[in-house]
Amino acid sequence: MPMPSPDPKIISGNANQPLANAISRRMSMHRGVKVDLVDARVERFNDQEIFVEVYENVRGEDMFIVQSTSNPANDNLMELLIISDALRRSSASRITAVIPYFGYARQDRRTKARTPISAKLVANLIANSGIERVLTLDLHAAQIQGFFDIPVDNLYASPIFALDLMHHFKGQMDDVMIVSPDVGGVARARELAQRIKAPLSIVDKRREKAGEVAEMTVIGDVTGKKCIIVDDICDTAGTLCKAADVLIDAGATEVHAYITHGVLSGPAVERITNSKLKSLVITDSIAPTQAVKDCANIRIVPTAPMFTQAILNIWNGTSVSSLFDTATLEPIYEPLYPGLAIDE
């Protein structure tokens with residue numbers, strides 16, 4: 001019987017194959033040998049039932065499934081569960097789900113009577129499918145980690161955003177102000193502000209009804225500042241574009257946005273194109289559509305270097321939390337942001 005591979009093995013669903021391929025290439029560089037994605041097919045029957053077949057022997061292997069549960073969320077979630085079941089029944093030694101974007105995370109509590117907590121339901125499905133560990137990025141609510149009865153490593157985009165900000169605003173950092181688009185996102189914005197030693201402002205929004213913002217107020221003086229709106233998810237971009245308008249009206253010279261997950265559904269790309277946002281920076285946690293790639297004021301930063309290092313750390317039993325520090329990520333992202341000297 002062939003011995004298990006001395007390297008971690010990566011398999012991908014259809015949700016974000018470009019990211020899976022980038023992780024594979026990065027892994028090859030780290031390991032000094034070519035690391036290919038596990039050969040498998042993930043396809044659908046005529047009635048859209050999902051079928052998975054793994055062509056390689058995975059017995060005793062440490063398997064990592066790269067699969068965001070982005071649009072179409074239900075299809076991609078089922079792919080993840082079925083791939084896991086296929087690997088479990090093929091005697092993989094451990095299965096880790098690498099979920100760059102965790103769908104259903106916005107349903108993390110009951111906001112009204114007779115509503116579900118879908119994030120908990122999805123956590124149960126994942127754990128019961130044979131997955132033994134989850135690696136994800138910027139969960140919408142950190143407490144979702146507690147919904148799982150298996151280990152969850154929640155990485156943060158803020159160290160990458162800090163490097164990107166220091167690179168693109170070099171020599172202008174005194175003019176930068178971090179802005180939270182709502183009161184609920186203050187902790188996330190404050191954390192990035194502390195990393196780059198920038199002041200913090202808040203856009204307070206009041207809703208008349210769900211999905212409609214009635215009024216926005218800027219808390220803090222943004223006059224003459226380059227404002228950086230920070231959030232974890234940008235869906236239809238309505239609130240984001242309105243916040244940019246309010247900040248410009250309040251005296252900001254430029255408005256940029258750093259958003260981890262570019263869901264960008266419906267009219268989002270058109271709104272961003274026509275907005276006062278000078279740039280929107282997102283990660284590749286969700287595979288970008290052609291419209292996103294073609295948008296002049298949307299820029300994508302890669303997460304493959306960080307995810308590759310996290311996978312290697314999980315595989316060899318070393319710290320994943322070390323990747324929370326900007327200084328730790330600096331050498332990993334050196335080719336993208338050369339010449340930065342981080343002192344944390």
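Figure 1. The protein exposes about 15,500 Å², of which carbon and sulfur atoms supply 50%. The structure shown is a predicted model. Of the 344 residues of the protein, 52% count as buried.

**Figure 2. Overall fold and dimensions.** The protein contains 10 helices and 14 strands. Its radius of gyration is 21 Å, close to the 20 Å that the globule rule gives for 344 residues, so the protein is as compact as a globular protein of that length. Taken along the principal axes, the box filled by the C-alpha atoms is roughly 70 × 50 × 35 Å. Among contacts in the protein with a separation of 6 or more, 64% are accounted for by residues 24 or more positions apart.

Figure 3. Glu79 is placed in helix H2, which spans residues 73–89. With a relative accessibility of 0%, Glu79 falls under the 20% limit and therefore counts as buried. The side chain of Glu79 forms a polar contact with the side chain of Gln67 at 3.0 Å. When residues up to four places away in sequence are not counted, Glu79 touches Gly13, Asn14, Ala15, Val42, Arg44, Ile50 and Gln67.

Figure 4. Helix H5 covers residues 186–196, and its buried residues include Val186, Ala189 and Leu192. Ala193, Arg195 and Ile196 of helix H5 are also buried. Lys197 follows H5 and has a positive phi, near 55 degrees.

Figure 5. Thr308 lies in helix H9, which runs over residues 304–316. The relative accessibility of Thr308 is 0%, so this residue counts as buried. The side chain of Thr308 reaches the backbone oxygen of Ala304 at 2.7 Å. Thr308 and Ile23 are separated by 285 residues in sequence, yet their C-alpha atoms are 5.5 Å apart in space. Residues up to four places away in sequence not being counted, Thr308 touches Ile23, Arg26, Met27 and His30.

Notes. Residues numbered from 1 in each chain as written. Predicted model: local features only at pLDDT ≥ 70, side-chain atom pairs only at ≥ 80, totals over all residues. Heavy atoms only, no water. Helix = DSSP H or I, 4+ residues; strand = E, 2+ residues; numbered from the N terminus. Rg over C-alpha atoms; globule rule 2.2 N^0.38 Å. Buried < 20%, exposed > 50% of the residue type's maximum accessible area, 1.4 Å probe, protein only. Contact = heavy atoms within 4.5 Å. Areas by Shrake-Rupley, 256 points an atom, 1.4 Å probe, with all protein chains shown as cover. Polar contact = N/O pair within 3.5 Å; in protein donor to acceptor, adjacent residues only side chain to side chain.
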